[in-house]
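Biologist: I have this one open and would like to go through it with you. Can you take me through a few spots?

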Amino acid sequence: MRATGAAHKDFTIARIDDRLYGAFLEHLGRAIYSGIYEPDHPSADGNGMRGDVAQLVRDLNVPIVRYPGGNFVSAYNWEDGIGPRAERPTRLDLAWHTSDSNAVGVHEFADWCETVGTEMMLAINLGSRGLDEARQFVEYVNGPTGSYWGDLRAKHGRAAPFGVRHWCLGNEMDGPWQVGHKTADEYGRLASEVAKTLRAFDRSLELIVCGSSNADMKTYPEWERIVLDHTYESVDHISLHMYFANRENETALAAGAGEETLARNTANYLALNEKLDRYIATVQSTINYTKANKRSKHDVFISFDEWNVWYHSRQQDRAILDGNKGWPHAPRLLEDIYNFEDVLQVGCILNTFIRHADVVRIACIAQLVNVIAPIMTEPGGDAWRQTIYYPYYFASVFGRGTALQLQVNAPGYDSLHGDNVPYVDISAVHDAEGGTLTFFAVNRHATEKLDVKVALQGFEAGTVIDHRVMTHADLRATNTLGAQRNVTPRKGRGARVADGDLRVSMPPYSYQMIRVAV
Ligand code: AHR
């Protein structure tokens, strides 16, 4: 099979916001406790934070991390996580049916963010709480000493304000599962008042209002229209979430389905970013509609602050989520073990965000450690990279610059999520300062290799300086504690620039990153 295309230096989409490669950490399962925080671990620092995990996060160059939830935040009292640890209360978490010691709170998390070189993005509880707690939380975190909340923060060891710029006004408030779930009008009114109040404190904050929890919600996309109607002038981003699942394969594998069925399911699974594409485009249209309707000069962008594959662990989590196991502290919850198929999926998702860099300014992989995460840990033991660590790593480290509008002609297939889905999913990023042009590409075909030729126009193209390939004979291959490097990238061979064209051959079911000096 062949695919041809062109990348022109001046056909740009937008400068990619570094925050596109953000992540998320929630007080959920072992994300915090025995994820980033494990005081008895041999690698723990003076604050009890695991050094091995911090290093894996540092390697990812994560620009921003959303915290502390998630569903958790909708019944969270931020005050429980400040002051002397010994005096902090253990609380029942109604979202995940667990208990939380509050050993980690905003101070510890801020210190960890400094250690790993990332920015903290905080979510406010607008489920069980409201305006006053939001105001007090922001004043505690960012207020000056000489005021009540600033002085309390100083008493707890931090005189200088944390200077947190990004604030999420609640989490998934459209979801009936959410503590304090609201209608679009109820939420829109509250979010608008909270935004006004936070702006009175500091005009420069970046405020993120809740959009839909997913594109299958009955209230989508009316939710966005109504919420934006209430809040348009006072917020900067609208938040979207989406989780990806090869649902058909869950049952097909258990039923011992044949290769043909499994391949069809994979084809549908790998076409899910068509749905993501429409979701982003629809919300972008809703933003534009609202802007025009209000005769506004203000811009609102999308914060895609929860995305990932999530389905491998759903069955095994039932007993805890149903409350049959009481209120365990930091149980193994949402611990998806990712496979090679998920590498291809994550590659396609990240390509979609790059192609929408004009409107998606923030995106957070959900989550970062242990809970539906690229990094796994064993208490007292190793930390390792899941399969999906790699496409996230390549995009975050090498996908900084300007997204290019690629023109690609490739054969395609019909799927549950869209017709004529091209077998090659590709994005390109031009880093003018660094003098590189980087392509991220996925071959979705089960059996055929794809010969790709991209004309490099407007560039003085040099040579291929880096080429990484991920393939595996088994789509369901995983990295585990006992086999941590089963699925890893290898150096690619054969990608070259000739006569102004990039030429690369992509094996069936493969992910590739190709970097060209320009
Ligand atoms: O990331 C796991 C959960 O998914 C989050 O708590 C919630 O916001 C979403 O439904």
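Modeller: Start with Arg88, which touches Asp80, Gly81, Ile82, Gly83, Ser101, Asn102, Ala103, Val104, Gly105 and Glu108, leaving aside residues up to four places away in sequence. Contact means heavy atoms within 4.5 Å. This is a predicted model: local features need pLDDT of at least 70, side-chain atom pairs count only at pLDDT 80 or more, and totals for chains, interfaces and linings use all residues. Residues are numbered from 1 along each chain as its sequence is written, and side-chain values use heavy atoms, with hydrogens and water left out.

Biologist: Where does Arg88 sit, and is Arg88 buried or exposed?

Modeller: Arg88 is in the loop between β4 (64-67) and β5 (91-93). Helices (H or I, at least four residues) and strands (E, at least two) are DSSP runs, numbered from the N terminus. Arg88 is buried, at a relative accessible area of 10%; buried means under 20% relative accessible area, exposed over 50%, partly exposed in between (1.4 Å probe, protein chains only).

Biologist: Switching to α6. Which of the residues of helix α6 are buried?

Modeller: In α6 (residues 222-231) they are Trp223, Glu224, Ile226, Val227, Leu228 and Thr231. Their cover includes α5 (184-201), β9 (206-210), β10 (237-244) and α9 (272-293).

Biologist: How many aromatic pairs are there in the whole structure?

Modeller: The search finds 23. One of them is Tyr187 with Trp223, stacked at 5.7 Å centre to centre and 15° between the planes. Tyr187 is in helix α5 and Trp223 in helix α6, so the pair ties together parts 36 residues apart in sequence. For the terms, rings of Phe, Tyr and Trp (its six-membered ring) pair if their centres lie within 6.5 Å; planes under 30 degrees apart count as stacked, over 60 as edge-to-face and the rest as tilted.

Biologist: Are Tyr187 and Trp223 buried or exposed?

Modeller: Tyr187 is buried, with a relative accessible area of 0%, and Trp223 is buried at 2%.

Biologist: And why is the pair of Phe304 and Phe353 called tilted?

Modeller: The ring centres of Phe304 and Phe353 are 5.1 Å apart and the planes are at 50°, so the pair is tilted. Phe304 lies in strand β11 (residues 301-309) and Phe353 in helix α11 (residues 340-355), so parts 49 residues apart in sequence are tied together. Both Phe304 and Phe353 are buried.

Biologist: Which residues form the aromatic cluster?

Modeller: Trp78, Phe137, Tyr140, Tyr148, Trp149 and Trp167 form one cluster.
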